[in-house]
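Visitor: Please take a close look at one part of this model for me. I would like the strands and the loops that join them, step by step.

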Amino acid sequence: MYYQYHVFFCTNRRRDGRECCEAHDASGMRAYLKRRCSELGLSGKGGIRINTAGCLDRCEQGPVLVIYPQGIWYTYVDEQDIEEILRRHLLEGEEVERLKI
Ligand code: FES
């Protein structure tokens, strides 16, 4: 496996008033996780890859991210939630039940 974990953040923005992840600062949260992974030396081959994605079609439950290979979906509110996903899921391999969708 090239990456241990591959994380996709929906960063889709809509301008027509419909729900979208970017209205919840998805790009900012993605940048936060990317920076934290870099700081901890977790980025790159054999580690963790953080990518943006277009709409993942779960807009009403957003903002959303999905982690592969497990295919576990999370929502989040702020950097504290992202930090919890980092520490518990990506570092310790346990699922964060309260944020799963
Ligand atoms: S806008 Fe993010 S899942 Fe659709």
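**Strands and their loops**

Guide: Start with tyrosine 5, whose bridge partner in β2 is isoleucine 48. This is a predicted model: local features need pLDDT of at least 70, side-chain atom pairs count only at pLDDT 80 or more, and totals for chains, interfaces and linings use all residues. Residues are numbered from 1 along each chain as its sequence is written. Helices (H or I, at least four residues) and strands (E, at least two) are DSSP runs, numbered from the N terminus.

β1 and β2 pair in the parallel sense, over 6 bridges. Two strands pair if DSSP finds at least two bridges between them. Together, β1, α1 and β2 make a right-handed β-α-β unit. Right-handed means that, with the strands pointing away from the viewer, the path from the first strand over the helix to the second runs clockwise.

Now the loop between β1 (5-10) and α1 (26-39). Aspartate 25 lies there. Its phi is positive, about 60 degrees, although aspartate 25 is not a glycine. Most residues other than glycine have a negative phi, and most peptide bonds are trans. Aspartate 25 is partly exposed, because 17 other C-beta atoms lie within 10 Å. The cut-offs, with C-beta atoms placed from the backbone, are these: buried means 20 or more other C-beta atoms within 10 Å, exposed means 12 or fewer, and partly exposed is in between.

Move on to the loop between β2 and β3, where aspartate 57 is found. Aspartate 57 also is not a glycine, yet has a positive phi of about 70 degrees. Proline 63 lies in the loop between β2 (48-53) and β3 (64-68). The peptide bond from glycine 62 to proline 63 is cis, with omega near 5 degrees.

Next, strand β3 itself, which holds leucine 65. Leucine 65 is buried, because it has 28 other C-beta atoms within 10 Å. Leave aside neighbours within four places in sequence, and leucine 65 is in contact with Val7, Phe8, Phe9 and Tyr74. Contact means that the C-beta atoms, placed from the backbone, lie within 7 Å. Threonine 11 and leucine 65 are 54 residues apart in sequence, and 9.2 Å apart in space, C-alpha to C-alpha.

Past β3 comes another proline. Proline 69 sits in the loop between β3 and β4 (72-75). A cis peptide bond joins tyrosine 68 to proline 69, with omega about 15 degrees.

Conventions
Contact = placed C-beta atoms within 7 Å.
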